[in-house]
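Please look over the sequence and the structure before reading on.

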Amino acid sequence: MEESPTKPTYIMHSNNHQTSHRPPPYRRNVPRYHTKAGGGGGSHCCLKCICICYIFLCFFIFVLLSLAYFIVTFYRPKIPSYKVADFNVHVFNVKQDFSLYTEFIVIVESNNPNENIDFIYGRGSSVSVLYNDSMLCAGKIPNFRQPPRNVTDISILLSGVSEFGSGLQEALMQNRHSGQIPLLVAVKVPVTVVIGGLALRKINVLVNCSLVVDNLSPNKTVGILSSNYTYGATL
C-alpha cells in the first residue's frame, strides 16, 4: 500500500514571534500586455495628405501658367496710353480773402491699341490739378466702356477753392512773367479689363502728368510747352 504524499507544512512568522501553520495567501500574477507602437499609421496619413496638397498646388500653378500663356499668345495684350490733349481755363479768380477759385477743362486722350480687349472705366475716379504741391481743383472721369482699337477724348471738368497765400502768389507771378507755369495733373481711375467677354479683376490705374503751360488766363488758349508721364497700378 502506497503512502500518500505528505503535504508541506507552512510556517509563518509574525511580529509577535508566534508561529502559524496556515498556508500563505494565494498571489495572482497579473498578465502584462505589450502594446505596439501606434505612431507609424498617423505619420503615413499626414505624409499622404501633404503629397496630395502639393500635387493640387502644382496642378493649379500649371493651369494658371497655361491660361496666362494662352492670353498672351492669342490676345497679345497691350498697355493703353493716356495723355493730356488740351487744357482750358474757364475761371481763375482770386477773392478778397486770398482764396483762389478755379475752373479747368482738361481733355485726356485714352488710346486702347488692343484688338480683343475692352476697358471699363468705373466709379470712384479722381482727377486733380496741383501747383507747387497745392491742389487747385479736382474732378472725376465719367464712367464709360472703351472698345478695342479705339481712341477716346475724355472731357473732365475740374473746379475748386484753395488757399492762395503770399508765397503762392509770388511764385505764380514769377512763372507768369516767364511764361512757364508748372502743373501736375494726377489721375486715379478704377479700370476693369474685359478679355473675350470675361471681366477680370478691377485695378486702379494711376497717371501723373507733369505739365508746363504758358498761361492760366481765363478764356485764352493755353499752350502746353512740355509734358512728362508716369504710370502705376494698384489692386
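A residue is called buried when its relative accessible area is under 20%, exposed when it is over 50%, and partly exposed in between. Arg 145 has 46% relative accessibility, so Arg 145 counts as partly exposed. The model described here is a predicted one.

**Overall layout**

The protein chain contains 2 helices and 12 strands. Read from the N terminus, the order of these elements is β-β-α-β-β-β-β-β-β-β-α-β-β-β. The chain has 235 residues, and 29% of them count as buried.

**Salt bridges**

Side chains of opposite charge can pair when their charged atoms come close. How many salt bridges does a search of the whole structure find? The search finds 2, and they are set out in the table.

| Pair | N to O distance |
|---|---|
| Arg 149 and Glu 115 | 3.9 Å |
| Arg 145 and Asp 118 | 3.2 Å |

In the pair of Arg 145 and Asp 118, the side chains meet in a salt bridge. Arg 145 belongs to strand β8 and Asp 118 to strand β5, and the pair links parts of the chain that are 27 residues apart. Arg 145, as said above, is partly exposed. Asp 118 has a relative accessible area of 16%, so Asp 118 is buried.

The other pair joins Arg 149 to Glu 115. Arg 149 sits in the loop between β8 (144-146) and β9 (150-163), while Glu 115 sits in the loop between β4 (99-112) and β5, so this pair ties together parts that are 34 residues apart in sequence. Is Arg 149 buried or exposed? Its relative accessibility is 62%, so Arg 149 counts as exposed. Glu 115 is also exposed, because its relative accessibility is 54%.

**The largest pocket**

The volume of the largest pocket is about 490 Å³. This pocket is lined by 20 residues, and those closest to its centre are Ile 79, Pro 80, Phe 119, Val 193 and Ile 203. Two or more lining residues come from each of β5 (117-121), β10 (181-195), β11 (198-213) and β12 (224-234). Which element gives the most to this lining? It is β11, with 5 residues. By type, the lining of the largest pocket is made up of 16 nonpolar, 2 polar and 2 charged residues.

**The largest cavity**

The count of cavities of 30 Å³ or more comes to 1. The largest cavity holds about 120 Å³ of space. Its lining has 14 residues, and nearest to its centre lie Tyr 82, Lys 83, Val 108, Val 187 and Val 207. At least two lining residues are supplied by each of β3 (81-94), β10 and β11. In this lining 13 residues are nonpolar, none is polar and 1 is charged.

**A nonpolar surface patch**

Ile 50, Tyr 54, Leu 57, Phe 60, Ile 61, Leu 64 and Leu 65 make a nonpolar surface patch of about 720 Å². One of these residues, Ile 61, is found in helix α1 (residues 39-74). Ile 61 has 41% relative accessibility, so Ile 61 counts as partly exposed.

Terms used. Residues are numbered from 1 along each chain as its sequence is written. This is a predicted model: local features need pLDDT of at least 70, side-chain atom pairs count only at pLDDT 80 or more; totals for chains, interfaces and linings use all residues. Side-chain values use heavy atoms; hydrogens and water are left out. On a 1 Å grid over the protein atoms alone, a cavity is a set of points where a 1.4 Å probe fits but cannot get out, and a pocket is an open set with protein on both sides within 12 Å along at least five of seven lines; lining residues have an atom within 4 Å of a point. Grid points are joined across faces, edges and corners, and a volume is the space filled by probe spheres set on the points. Helices (H or I, at least four residues) and strands (E, at least two) are DSSP runs, numbered from the N terminus. Ala, Val, Leu, Ile, Met, Phe, Trp, Tyr, Cys and Pro count as nonpolar, Asp, Glu, Lys and Arg as charged, and the others, Gly among them, as polar. Patches are made of residues with over 30% relative accessible area and no salt bridge: like charges are joined within 9 Å, nonpolar side chains (Val, Leu, Ile, Met, Phe, Trp, Tyr) within 5 Å. Accessible areas come from the Shrake-Rupley method with a 1.4 Å probe; for residues, only the protein chains shown count as cover. A salt bridge is a side-chain nitrogen of Lys or Arg within 4 Å of a carboxyl oxygen of Asp or Glu. Buried means under 20% relative accessible area, exposed over 50%, partly exposed in between (1.4 Å probe, protein chains only).
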